[in-house]
Amino acid sequence: MKPPAPPKPPRLAITVDVEADWCGVDTRGIDEMLPRLLERLDRHATPATFFVVGQHAARFRRHVAPHDRHEVGSHSQQHRVLTRLDNHHLQRELVESKQALEALGYDVHGFRAPFLRTPAGLLRQLDAAGYRYDSSLGSVVPGPQNLYAAWRYGLGKSLIQRVGPSLLRDRVTPYSLTWLRLYGRLGRALLPRGDAVFYCHLHEFLPASRGVAGWPAPVRWLHRRRVGDAAWRILDGLLTQPHRFVTCRQMLADRAPLP
């Protein structure tokens, strides 16, 4: 009798929101950090899913060619808060970003809302715009709303598929580079054990930043803690974990339940 096959390691989808730095207009993250990130991913033969703001599509295209190992989705056209828009401007954010990326040769299936802020009827409008899945579950800050979003994920059927981002093992904190930076050792102890979707921003890898303009100074100081080299070390730690690295689209193709 043959011994049972060893269990497969969990899947991890690394996702990157490609936008201007810290809600501003600078693009050092795309220009300087994206090449470094791609080198690391290539070193580990790791695919990633990039959710790209449409107005930065051409700048992103200088570094990532269509049809390579990575997946490209939309992160809206101008990175506006979708819940503040009327239906006409919301539709423009969805359609124009997809068109901008597809005009450069990308095959766009997925969407992630800026700040994970999702207006009522978003899935219906994504379906009408030709998207296949949404990756805007939960909130960017810890709280019970994240557990509620994860619970609702498994209920019933949706117009389009939905995937991640995932939660840390406390079940309330997003599995993001931001919170791993802020939590430090606690964050490492709370990493998900099963299949998961992780997300980060390119500007978090910049060596120094004044943070989000307009935020109170104490909040800015907290939010920009452990950027630069510390952020790279966190990512390197994830890349050396025994995961099966997949894109969001591959994660959905396996049709296994997500946390």
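His201 touches Asp17, Glu19 and Thr178, when residues up to four places away in sequence are not counted and contact is taken as heavy atoms within 4.5 Å. The model is a predicted one, in which local features need pLDDT of at least 70 and side-chain atom pairs count only at pLDDT 80 or more, while totals for chains, interfaces and linings use all residues. Residues are numbered from 1 along each chain as its sequence is written, and side-chain values use heavy atoms, with hydrogens and water left out. His201 lies in strand 7 (residues 196–201), where strands (E, at least two residues) and helices (H or I, at least four) are DSSP runs numbered from the N terminus. With a relative accessible area of 14%, His201 is buried, a term that stands for under 20% relative accessible area, as against exposed for over 50% and partly exposed in between (1.4 Å probe, protein chains only). Thr178 is 23 residues from His201 along the chain, and the C-alpha atoms of the two are separated by 8.4 Å.

Helix 3 (residues 87–103) comprises 17 residues and reaches 24 Å from its first C-alpha to its last, close to the 24 Å expected at 1.5 Å a residue, the expected span being 1.5 Å times one less than the number of residues. Its buried residues are Leu90, Glu93, Leu94, Ser97, Lys98 and Leu101. These cover an arc of only 105 degrees around the axis, which puts them on the same side of helix 3, the arc being that of the directions from the helix axis to the C-beta atoms. On the other side of helix 3, His88 and Ala103 are exposed. The buried residues of helix 3 pack against strand 2 (49–52), helix 2 (57–61), strand 3 (71–74), strand 4 (110–111) and helix 4 (122–129). Just after helix 3, Gly105 adopts a positive phi of about 105 degrees.

The axes of helix 3 and helix 4 come within 10 Å and cross at roughly 45 degrees, axes being lines fitted to C-alpha atoms, for helices over the stretch in contact, with angles from 0 to 180 degrees between N-to-C directions. Helix 3 and helix 4 are therefore oblique to each other, since angles under 35 degrees count as roughly parallel, over 145 as roughly antiparallel, 65 to 115 as roughly perpendicular and the rest as oblique. The axes of helix 1 (residues 28–43) and helix 9 (residues 229–239) come within 11 Å and cross at roughly 25 degrees, and these two helices are therefore roughly parallel to each other. Met33, Arg36, Leu37, Arg40 and Leu41 in helix 1 meet Trp232, Leu235, Asp236 and Leu239 in helix 9.
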